[in-house]
Every structure is written in C-alpha cells, then in structure tokens.
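Trainee: Could you take me closely through a single part of this protein, with the terms defined as you go?

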Amino acid sequence: MRYWWLCCLSLFLASCGGDGEESNMITPTVPVDSTGTTFSISGEIAVAEGVATDSDVNDIKSSFKSNDNIDTAQPLPNPVIVGGYVNLPLMGYQGRSFQMGDLDDFYVMDLLAGQQITLLIGTDNLRLNDLDLGLLKLDGMLVDASVSEGNVESLVVPTSGRFLVQVQAFMGASNYALTIGQASGQTTSFQSLRLSQHFVPEQVIAQFNEQPHILSNVGLKKVAGETDRRQLFQIDPQNAQAFTSKNISTKQRFSPKFASLKDQLKYQTLLAVKNLRKREDVASADLNFYFKKLAVPNDQYYKLQWDLPLMNLPQTWDITTGSSEVVVAVIDTGVLMQHPDLKGKFVDGYDFIKNLTSALDGNGIDNNPDDPGDDAANGSSFHGTHVAGTIGALTNNNDGIASVSWQTKIMPLRVLGKNGEGTLYDIEQAIRYAAGLSNDSGKFPSKRADIINMSLGGYDPMNWDALIADVRKNGVFIVAAAGNDGDTTPNYPAAMAGVIGVAAVDMDKKRASYSNYNSSVDVAAPGGASEKDLNGDGVPDGILSSAGDDSSGAIQMTYLTYVGTSMATPHIAGVIALMKAVNPQLTPDQFDSLLASGALTEDLGTTGRDNSMGYGLIDAYKAVSAALNIIGKPLPPAPPLLSSVPQALNFGAISSVLTLKITNSGGGDLKIQQISTNNNELQITPSQVDANGIGTYDVKLQRGATNGTFQANINVISNGGTSTIPVIWNVGASRTGNAGRQYILLVDPITGDTLKMLTGESDDGHYPYEFTNVFAGTYWVISGSDSDNNDSICDAGESCGGYLTVSQPSDIRVAQNISNINFVVSFDTQFLSTKALGSHLSQRSFKISK
C-alpha cells in the first residue's frame with residue numbers, strides 16, 4: 001500500500017481562521033506560471049441521500065454527540081448507510097474515545113419486516129478487532145444478535161416497528177459501515193452466529209488441532225465423539241468466564257435484557273463458539289443446530305397417486321422397476337419397521353439421537369431406527385416412514401401404495417426426535433454412517449448407501465464442505481429439500497455445493513406456494529398442494545404414502561397425504577435409484593452434467609434453469625434413458641435469462657422517477673411478457689425498448705400523504721425467467737445526508753503529494769469548498785473522513801470521494817479560475833469483499849496531519 005503523505009498541516013480555527021479555510025502543504029512539482037499568477041478551484045461535495053455518520057467517532061475534530069446508550073440513541077432514516085467507529089478502552093488510535101472507550105453505538109429507527117441489517121467491519125486484523133450487531137426493542141430487550149468473528153454481521157428484521165440497532169466493540173477497535181435496506185433479489189449468505197437461529201443451548205461442536213489437557217480450562221465438557229474428528233461438547237457453567245470478552249469489565253459493557261432464560265443461554269452459547277473459533281488450537285467450532293422435518297402434514301387419505309404419472313413413471317417401469325442392489329439412506333425420524341408396505345425393504349440402519357429427552361425411546365444412540373413418534377400434541381408425523389414409502393414401498397402387491405423404485409432397499413437412519421427436530425451433530429454422524437465413514441456408532445454398514453435422502457433442513461453447517469466432498473468422492477448422491485418458507489431463503493443442506501436441492505410442484509406443474517426458490521434449487525418434483533383440488537375428487541392434492549397414526553394412543557399403520565419439499569425430495573432419490581439400477585457406475589458428477597444439459601427434466605415455464613424449479617420437473621423416463629446413453633449427449637443452446645439493472649430501486653425521500661433496465665444475460669431471444677407492480681403509487685412506462693420489451697423503463701412514484709417507510713414490488717415475466725424487483729421509499733424523512741467531517745485534498749497527480757487541504761462539516765448535506773492561490777498546472781481533488789483518528793482518510797469504513805470519482809480521478813487543468821468541480825462522497829459498502837473500489841487509487845489511504 002502506498003500512502004499519500006501530508007506534512008506541516010494547520011487546519012482549524014486556532015491557526016487557520018475557521019472551517020473551510022485551506023492549509024498550504026508542499027511545493028507542487030507540476031509546471032507553474034512563471035509570472036506567479038494564481039487561480040482558484042471551487043466546487044461542492046454532495047452526500048448521497050440516506051447516508052449518515054456515527055455522531056461520536058474518534059476523530060478529535062469532528063462534531064460530537066454521544067450515542068453510547070439506549071437513552072441517547074441516534075435517529076436514522078430508512079434505508080440508510082452509516083459509517084462509524086467503536087473501540088474498547090485503550091484500543092485503537094489515540095483520539096476522543098481512546099481512553100474511556102466507545103463500546104457501543106445505538107441507533108433508533110423505524111424498520112420493516114424482512115429488511116436486512118448488515119454490518120461491514122473495516123479491519124484486516126479480525127482476530128484482535130471484532131464488532132457485533134444487535135437488534136433490540138426500545139426498552140433494551142434483545143430481539144436478535146449476530147456475533148460471528150468474521151468481517152460481516154447480518155440480521156433480518158422479524159416484524160415491522162421501531163427498534164434500536166446496536167454496533168458493539170467485542171474486541172479491539174474498528175471503523176464500520178452499517179447498511180439497512182431491502183433485499184435486492186439476490187440471496188446473500190453470511191456465515192453469522194445469530195440468536196434467532198435454532199440450535200441447542202450450551203452445546204458446541206468442535207474439533208481441536210491439539211486436544212487441551214484440561215477441557216474445563218476452555219469452559220467445555222466432552223459429550224460425544226473422538227479426537228480425530230469433530231466432537232460434541234457441553235459448556236461448563238462453572239467456567240463460563242472463559243467465553244467473556246477480554247479487556248473489558250461486565251460493569252462497563254451494556255447488558256441487554258432477554259425475553260427468556262433460553263435466549264440468555266443461547267446468547268452465551270454464541271459467544272462460546274465465537275471465542276473457540278478465535279483459538280489457534282481449534283480447527284472448527286459450530287453451534288449444534290436443530291434440523292426439522294419440512295412436511296406440511298395433512299391427516300386426510302388420498303387414494304390416487306397423481307404424482308407418479310406426472311413424472312412419466314408408468315412408461316419408465318417398462319424399462320426398470322429398480323434393483324435390490326441399490327440402497328437409499330433415509331436420514332429422518334426413523335421408520336415404522338413393521339409397516340406392512342415396507343416389510344422386507346430395509347438394510348441395517350441406526351438411531352443417532354443422543355439426547356434422551358429428544359429420543360423418546362428411552363436410550364441414546366443404538367442400532368434400532370424404529371420411529372416411536374415425535375410426541376406432537378396432535379399426533380406424530382412418522383415423517384421418515386412417509387419418505388421411505390415414496391422411495392421404495394412394496395409395489396404391485398395389491399395393497400397399499402406404489403413407490404418410485406419398487407426394488408430399492410432403504411437404510412433407515414434416525415436423527416429427528418421430539419417435535420421432529422434433530423441436531424447438526426447427530427445428522428453429521430448419520431451422513432458419515434451412510435457413506436461408510438467413521439462415526440459415533442463405531443460401526444460401518446455392510447454396504448454403504450448409494451443415495452442419501454434428507455427431507456429436512458436448517459442453518460448453514462459451515463464446516464460440512466469437506467464431509468460433502470468425501471461423501472461424493474465415495475460415489476454417494478445427496479438429495480435434500482429446498483425448504484417450505486415460500487421465499488428465497490436458502491435451506492441447508494440443500495443449498496450446499498454437491499447437494500441436489502429439490503423444489504416442489506403441485507398437480508398442474510406449477511411451483512408449490514410453500515416451495516423455496518433461490519439459486520440452490522437444482523430440480524423439482526411433486527410435493528403437493530393442500531389448498532387445491534384440481535381433479536375435483538374432494539380431497540386436497542397431497543402426496544399419498546405410508547405413515548402411522550398415534551393420535552389416539554397406540555401407533556396404527558396407515559397411509560396419509562402430506563405436502564412439502566420433504567415429499568418432493570424422495571421422488572428424486574427414487575428416480576436416481578432407477579438410474580443406478582440400469583447404470584450402476586453412474587456418478588454424482590455425471591448426474592449433475594446430465595441435469596444441467598436438460599436430459600433429465602421437463603423444462604417448465606422459464607427456459608433453462610430458474611430459481612423456482614431449477615432445471616425443471618424430473619422426468620423418470622428421460623432420466624433412465626439418459627443413464628443408458630450418457631456418452632454423446634449433446635448440450636442444449638444457452639437459454640435466455642432475464643436480468644435487471646439495478647436489482648432493487650430506492651426512491652428515498654426525494655426521488656420521484658428512477659430508471660430500470662431490462663436485459664438478456666443469456667442467449668436466444670428474451671421476450672418480456674408482462675411488467676406490473678403491486679402498488680398503485682408506482683407507474684412503469686417504457687422509455688427505450690425494442691419489440692421484445694428489452695431496454696429501459698421509467699418508474700415514477702406518486703407519494704402518499706402518510707409518513708413512513710414503504711415497500712412494493714415490480715414483477716417482470718418473460719420467457720427467460722421471472723424477476724421481482726423490490727422498491728422502497730420514504731415519506732417525511734430527512735432529505736439530506738451526512739458523511740462526517742471531510743478533509744478535502746488538492747493532490748499533485750504526478751507524485752501523489754497533497755498540496756493543500758480544507759476541512760469542514762456538512763451544510764445540509766453539502767460541503768462547498770474553494771482552494772485559492774493555486775498555480776497553473778494539473779491537479780486532483782479527493783475528500784474523505786477520518787473516523788478512527790489515525791490521520792488517514794478513506795480507510796475501510798470511512799467516507800471517500802473524488803472528482804469525478806475516487807476510483808478514476810480526473811485531471812483538473814488550471815490556467816484560469818475553475819468552478820463546478822463537484823462530486824459525491826459516501827461510504828463504500830463493498831470494501832470487505834474487494835478491499836477497494838476497483839482501481840489502484842482506492843487501494844490507498846490518504847495521510848493527513850492534525
């Protein structure tokens with residue numbers, strides 16, 4: 001990094017006569033007028049609307065107003081980008097908050113349900129400098145928190161209302177950029193540790209590079225596992241101080257209220273994982289997440305299996321009905337081993353539920369995967385039995401149901417217990433068992449599974465990448481449910497690389513309303529729709545399969561209709577079993593290639609892959625045919641792909657007209673079929689579009705009279721996909737921004753030396769400036785803030801700008817007085833992924849002297 005140094009600087013009132021006056025620096029190297037004539041350079045620096053600055057940064061020259069506690073929280077507009085700084089006492093640079101610390105910044109604002117809050121931490125040394133993010137009610141009750149050790153913290157607002165947003169210094173000191181706004185249509189997955197996640201309090205999954213001699217010294221007690229792999233630990237309550245922040249007393253730190261003891265224990269568990277990840281002797285540390293079944297249960301019977309012909313299975317069974325040499329592992333609630341339509345279909349399985357309360361069978365892990373029920377108030381789901389029946393129930397036996405792959409064997413692995421929930425660690429052991437890897441049972445299956453079905457979901461198991469890779473290396477397919485949230489939320493493990501993510505369709509081959517849609521969806525299969533009866537038989541269109549019923553006491557073997565991506569997933573597992581029956585050497589990589597080529601599916605709606613159905617609805621006949629003829633299968637041409645620029649629109653408090661550009665990011669001809677909005681305050685008018693509707697549109701807003709923050713959607717339908725562009729605007733909010741105290745530099749572009757400097761605070765969102773006594777020559781103008789008081793502007797998390805831009809500064813040739821050198825400063829919200837705005841200049845900081 002090359003620094004631009006300033007020396008001999010006098011800035012402020014005592015030596016310069018006040019804000020806005022300039023300081024002469026060093027003699028320029030640019031050619032000057034031999035007559036000694038000088039000129040001026042003037043302009044105005046603007047701040048983008050919705051930009052704000054922390055009111056108590058470390059810069060000793062900045063204006064100051066404390067926002068350190070909930071009573072002095074700083075009001076913010078919405079949406080907003082905030083630049084700020086926090087530090088522990090005696091951490092960071094000498095400045096206003098160095099001695100006493102600036103532990104917390106609190107902001108108060110009106111938020112909308114579903115908005116995303118993201119904290120970008122502007123330091124390269126994350127081991128010593130660590131900030132956390134909190135969302136609180138106005139009385140200090142903690143609603144959610146993100147406390148990872150990385151450079152990004154992220155939360156989603158659960159409900160609309162007025163909240164406090166907290167940025168806290170957990171360790172060290174750092175600048176930051178805080179962004180609050182709407183989702184842009186792209187799902188960004190940050191590996192945060194969040195209070196709102198569903199995990200086992202006081203448990204962690206960890207692997208040590210070198211096992212500590214005394215685990216209690218790190219606040220842990222071993223529960224399960226061996227030292228050569230990840231182990232399950234209980235947090236030792238006698239040593240909870242091992243996980244508290246160092247260098248700060250609990251009396252100094254803000255202590256939030258908790259809605260329950262469970263939330264308090266969960267928060268302590270988050271801090272335990274955070275601290276373990278910072279230890280050099282810890283290879284990995286994770287929360288023990290709960291996973292849950294994804295079915296939407298329905299207790300009505302359904303006697304017509306519309307789902308099987310929907311996938312062209314009848315003609316497929318003329319080719320193959322499967323093979324008993326193919327094994328599908330069902331990682332789920334276990335199965336009813338005595339169900340009449342599943343008798344004789346099992347290979348040896350295992351029960352991996354360790355917790356006795358969750359297990360409901362009176363013991364811990366054992367070799368009995370029979371499902372005792374999940375103790376639900378309205379009767380147990382027997383979810384795994386339903387899944388297993390879809391894959392491989394006895395078929396053509398004049399009883400019960402038909403399955404996808406008649407001859408396939410089932411390996412039942414029990415991981416979901418009470419309330420249909422299970423932990424990350426137990427599921428991990430089941431995956432290892434199914435794939436023939438070492439696991440807590442100490443046993444290996446006589447024949448590993450060919451396919452693993454996981455009709456379950458939860459949070460991102462961040463350290464599963466190697467495990468998934470090992471499973472695939474063994475030739476094992478992993479199929480998982482995309483999730484039942486009905487939105488773009490990624491569901492894990494379906495969202496992981498190497499896992500086949502399955503969405504659900506209903507009887508008319510449309511995405512089921514509950515089925516998640518995002519970039520992790522690979523393929524779709526029948527999942528049912530309880531709200532429809534398209535065939536008019538008086539029964540909702542669910543998926544019928546084997547089940548149990550204990551609502552009246554003893555378990556009764558029966559058949560029930562369920563709906564969900566949990567029901568769609570075993571259809572895919574069954575079709576892969578049919579493919580393996582005719583081509584035992586089929587590999588996961590070959591399947592992925594065939595899927596991407598269109599050889600396995602019926603392409604529905606959008607041409608090519610889309611986020612709703614992946615590559616389309618599975619076609620069993622095409623899939624088995626492809627498995628028999630992999631070599632030489634041609635690739636289809638690239639389909640059209642709908643894109644929009646930008647991916648979201650923000651009118652803020654001022655704008656009334658914005659531009660939306662629709663483009664084709666794929667091949668072929670993209671044709672726009674419809675553009676609409678769900679709010680009558682928005683009007684969409686073609687501006688420059690071709691015959692297919694590709695081009696630019698004007699989006700006009702007519703604001704209503706009610707103050708507040710508002711959202712709407714623009715929906716674009718095309719033959720190349722659908723796109724939802726979120727729109728947000730504000731009525732009654734501040735119409736100006738504030739980027740903090742600015743240090744405006746006149747720079748020699750040849751040497752990079754700073755020749756003059758001005759400084760000042762925002763004047764209603766603007767910083768007018770004028771350099772005088774400027775010799776003829778060529779110059780740049782750069783401006784930025786110094787939140788951390790390190791005598792350097794434009795660091796990560798500080799505002800920065802330049803004429804015309806800081807990434808590509810324009811030469812200003814002076815031979816007369818120059819005016820209108822105007823530009824914008826803001827906070828860079830991409831600095832953590834790029835460390836720059838993309839050019840050589842933005843990789844530098846600019847040194848100043850106070």
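Mentor: Residues are numbered from 1 along each chain as its sequence is written, and side-chain values use heavy atoms, with hydrogens and water left out. The average pLDDT (the predictor's confidence in each residue, from 0 to 100) is 84 for the protein, and 85% of the residues score at least 70. Residues 294-302 have a pLDDT below 50, yet beyond near neighbours in sequence this stretch has 45 contacts (heavy atoms within 4.5 Å) in the model. Where pLDDT is low, the predicted coordinates should not be read in detail.

The pair consists of α6, residues 383-392, and α9, residues 565-582; helices here are DSSP runs of H or I, at least four residues, numbered from the N terminus. Their axes lie 8 Å apart and meet at an angle of about 35 degrees, where axes are lines fitted to C-alpha atoms over the stretch in contact and angles run from 0 to 180 degrees between N-to-C directions. The crossing of α6 and α9 is right-handed, that is, the near helix is turned clockwise from the far one by less than a right angle. On the α6 side the contact is made by H383, H386, V387, T390 and I391, and these meet S566, M567, P570, H571, A573 and G574 of α9. Of the residues in this contact, five are nonpolar, six polar and none charged, counting Ala, Val, Leu, Ile, Met, Phe, Trp, Tyr, Cys and Pro as nonpolar, Asp, Glu, Lys and Arg as charged, and the others, Gly among them, as polar.

Key:
This is a predicted model: local features need pLDDT of at least 70, side-chain atom pairs count only at pLDDT 80 or more; totals for chains, interfaces and linings use all residues. Helices (H or I, at least four residues) and strands (E, at least two) are DSSP runs, numbered from the N terminus.
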